[in-house]
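I opened a new notebook page for this chain.

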Amino acid sequence: MSQYLDSIPPHGGQLINRIATLDQRQEFFHKAETLPRVQLDDRALSDLQMIAIGGFSPLTGFMNRDDYKSVIADMHLSNGLPWSIPVTLPVSQEVSDRLKEGTLVRLDSPNGDFVGILELTEKYSYSKEIEAINVYKTDDLKHPGVQVLDKSGPINLAGPVWLMERLDHPLFPKYQIDPAKSRALFREKGWKTIVGFQTRNPIHRAHEYIQKCALEIVDGLFLHPLVGATKEDDIPADVRMRCYEILLEKYFPQDRVILAINPSAMRYAGPREAIFHALIRKNYGCTHFIVGRDHAGVGDYYGTYDAQYIFEEFDPAALGIMPMKFEHAFYCKLTGQMATTKTSPSLPEQRVHLSGTKVRQMLREGKLPPPEFSRPEVAAELARAMNIYAYEI
């Protein structure tokens, strides 16, 4: 089995670990009060964590100019390795001016806690316009990714990082399964083929359908919902996690699914983020990755199935993980089951199309999603939770 695991190595060949050792922590704490500080936002904190645990292997820190420019231009690192999303630490000019290359920088959380160290190797300016057009395919400020970029500082800080300590997730500690642990779990279960599934929405019937189709082919499903920063109108992570728990308990084989959280922040970069998400799951040990109709999309910024087409631009061997591409699934009134155009003879009017956007809209209108759309237990949990959140707001 160890020989098999060696055949699906992390991206770049080595699982990165940038969590400070005990000796390093003592050294950094000793220096902490004398170091210049940079306060991270939620995305940067997630990126720090993902770098440290190996989720962003082969990155050991925030990208330097050469890697940044190469990723923006052609979706590869400067060494030629596929990589589609820039992972950077932008700061204001004022912050940049008080930092010196070749020194250590203290990284604080949004709450002001000392969480990491950056060895500052480079500071460089960049074009927000070029990054927006290349990564998000738009410079429209209504796009959530472009909004974040627009508010970011004009200078990127680069260099290796250390996470001071890998703390338990405050909401989902039992589902915090980092890449080294997920790989060990796959080995223990004897899984040789594992399909990863990315989601920022509660699972509806279309999701369930394509996951179970995939499970007919592979040994196990790694259900990996993203719990980092998302846009404000996305359903909160704690609600989504309860829905996953309900669905897995009642409708999935217990021994063939692992539920774990993905600490990343959403970029909403559509096709490029599909590649990014696939490489992350490769680092967690997955051999396959489900790519749906509009993976990581938002609004109408990306064409139908662009997130699938983009995989054709990469050498499959260099990517090292196989995409499983699915048509847009729907509930077929003719056959009384979930289907796609590949499997259903129904007419368009006999199809009930599902989406997370429709679920959110129905819940806001006080409507319970029908069983063709969502499992009744999941729909009830969503309705209960959304009423609570609406009341709190």
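How many residues of strand 9 (residues 220-225) are buried? I counted six of six, so the strand is mostly covered, where buried means under 20% relative accessible area with a 1.4 Å probe, protein chains only. Strands here are DSSP runs of E with at least two residues, and helices are runs of H or I with at least four, numbered from the N terminus.

Some notes on the source. This is a predicted model, where local features need pLDDT of at least 70, side-chain atom pairs count only at pLDDT 80 or more, and totals for chains, interfaces and linings use all residues. Residues are numbered from 1 along each chain as its sequence is written, and side-chain values use heavy atoms, with hydrogens and water left out.

**Entry: strand 9**

I checked the two faces. In a regular strand the side chains alternate between the two faces of the sheet. On one side of strand 9 I found Gly 220, Phe 222 and His 224 buried.

Next I looked up the partners; pairing takes at least two DSSP bridges between two strands. Strand 8 (residues 194-199) runs parallel to strand 9, with six bridges. There, Phe 197 stands opposite Leu 223. Strand 10 is also parallel to strand 9, joined by three bridges. Leu 221 stands opposite Val 257 in that pair.

I then followed the chain from strand 9 through helix 10 (residues 237-251) to strand 10, a right-handed β-α-β crossover. Right-handed means that, with the strands pointing away from the viewer, the path from the first strand over the helix to the second runs clockwise. Strand 8, helix 9 (residues 205-215) and strand 9 also form a right-handed β-α-β unit.

**Entry: Ser 264**

I found Ser 264 in the loop between strand 10 (257-259) and helix 11 (271-283). Is Ser 264 buried or exposed? Its relative accessible area is 1%, so Ser 264 is buried. Beyond four places in sequence, its contacts (heavy atoms within 4.5 Å) include Ser 46, Met 50, Phe 56 and Ile 280.

**Entry: cores**

A nonpolar core is a set of buried Ala, Val, Leu, Ile, Met, Phe, Trp, Tyr and Cys residues joined through side-chain atoms within 4.5 Å. The largest has 68 residues, and Phe 56 is among those with the most contacts inside it. Helix 3 (residues 42-53) gives the most to this core, with seven residues. A second, separate core has 41 residues, including Cys 243 and Tyr 331.

Key
Buried means under 20% relative accessible area, exposed over 50%, partly exposed in between (1.4 Å probe, protein chains only).
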